[in-house]
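Subject: Structure handover

Hello,

Here is the structure we spoke about. My notes on it follow below.

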Amino acid sequence: MREAGSDGPEALAGLAGSWAVPVGGEALFTWDYDQRSERLISLYAKGKQRQWDAETRLDWSHETDPGDPLGMPDELIWIADSELWDRLPEKERSVVRTHTAGWMYSQFLHGEQGALVCAAQVVRMVPDMDAKFYASTQVMDEARHVEAYDRYLREKIGVRYPITDSLQGLLDTIVRDARWDFTYLGMQVLLEGLALASFSIQRDLMTDPLAKAFNAYVLEDESRHVAFGQIALRQYYQDLTEAERREREEFAVEACHVLSERFAGEELWRNLDYGAEECIQLTRKSAALRVFRYRLFSRIVPALKSINLFGPRMQEGLDQLRLLRFSTMDQDEISAADEARAREIEQEELLRRSKQIESTIAAANGDAT
Ligand SMILES: [Fe+2]
Ligand SMILES: [Fe+2]
């Protein structure tokens, strides 16, 4: 397998070091310990009860295919529907599969770190104690996700990429803004929507059992995070002034534009040597990207509607991006299905692992006799 950096070290610069973003806003204390929102407290209870440990819940002994670490079907490879792909020898196709996995999981990892930082910021800025309680469970969730994606990249994929400019730009805007609702809107609605879409594709469409199970468990946590953002924003956005609404709607439409147009693996294709521009064009037109967009906006657009950020300007902006049709989808249904799917996959995994243990024991007994 080609090592990260062997064919484009410049594209992979930025893998070490740190990034400092000045943060604004106030740290809020409250002396009112009695105020409780039932929905937040039940979300907090769920957050506490459903913590899981990647170390023990996942079967890290499972061996992934080094040439295809996620079990990625061809129709999900961005350049697969092309003459370029037809011409590539199998060895190079393995490079594409592994680097695509490395690029994607690196962005998941960096995004999870962004979520970790933002969740901690919410604990600091949010006025009510029950919201601080809940957000602190999210801090732990995101730390577990960072831990797990980092381990997955290191042990199962072996190729890493720096954060993309578009993801870094979004994180910069969200973290820098001093207004708490921008942190919620940017992170809990928009970037969590990105996470839900990406992880659901991993869960449903990849064939490697470890990748499927891992993402199903992460996804279950992310559904709680999205619910939290919506509970807080729904109320707050009812009473915005016209100027405040305009600013938030413009931010959300611009973020939708970036999410829709700027996640085509540009850095990946510039690092690999197959003609970057052709690969980027193929990616933009690919069925795989259409699947991603569909899943992304079927989560984000109903969420924007449910938080009352859905005035004429927002609808017009979404319409121009051809995204308005997603507004009728039922997000409660989608998130209940996420929870159910995580349970199912857990049962399937337990069965698979116990069968594996049985066959190992049977083989050992066979050897002994
Ligand atoms: Fe996360
Ligand atoms: Fe999250």
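**Salt bridges and surroundings**

At 33% relative accessibility, D74 counts as partly exposed (buried is under 20% relative accessible area, exposed over 50% and partly exposed in between, with a 1.4 Å probe and protein chains only). This is a predicted model, in which local features need pLDDT of at least 70 and side-chain atom pairs count only at pLDDT 80 or more, while totals for chains, interfaces and linings use all residues. Residues are numbered from 1 along each chain as its sequence is written, chains are lettered from A and ligands numbered from 1 in the order in which they are written, and side-chain values use heavy atoms, with hydrogens and water left out.

D74 forms a salt bridge with R97, with 3.2 Å between the closest N and O atoms; the term means a side-chain nitrogen of Lys or Arg within 4 Å of a carboxyl oxygen of Asp or Glu. D74 sits in the loop between helix 2 (54-57) and helix 3 (83-87) and R97 in helix 4 (residues 90-125), so the pair ties together parts that are 23 residues apart in sequence. Helices here are DSSP runs (H or I, at least four residues), numbered from the N terminus. R97 is buried, its relative accessible area being 10%.

The whole structure has 22 salt bridges. Another is E249 with R313, where the closest N and O atoms are 3.1 Å apart. That pair links distant parts of the chain, E249 in helix 9 and R313 in helix 13 (residues 312-320), 64 residues apart. E249 is buried at 1% relative accessibility, and R313 is partly exposed at 25%.

Helix 9 (residues 242-261) also holds both R246 and E250, four residues apart, about one turn of the helix. Their side chains meet in a salt bridge of 3.7 Å, N to O. R246 is partly exposed at 41% relative accessibility, and E250 is partly exposed at 43%. Elsewhere, D141, R144, D221 and R224 are linked in a network of salt bridges.

E142 lies in helix 5 (residues 129-157) and E222 in helix 8 (residues 209-236), so the pair ties together parts that are 80 residues apart in sequence. Both E142 and E222 are buried.

The largest pocket holds about 590 Å³ of space. Of its 20 lining residues, G17, S18, W19, H110 and Q113 are the closest to its centre. Helix 4 and helix 6 (165-176) are the elements that give two or more residues to the lining, and helix 4 supplies the largest share, six residues. A pocket is an open set of points on a 1 Å grid over the protein atoms alone, where a 1.4 Å probe fits, with protein on both sides within 12 Å along at least five of seven lines; lining residues have an atom within 4 Å of a point. Points are joined across faces, edges and corners, and the volume is the space filled by probe spheres set on them.

Regards
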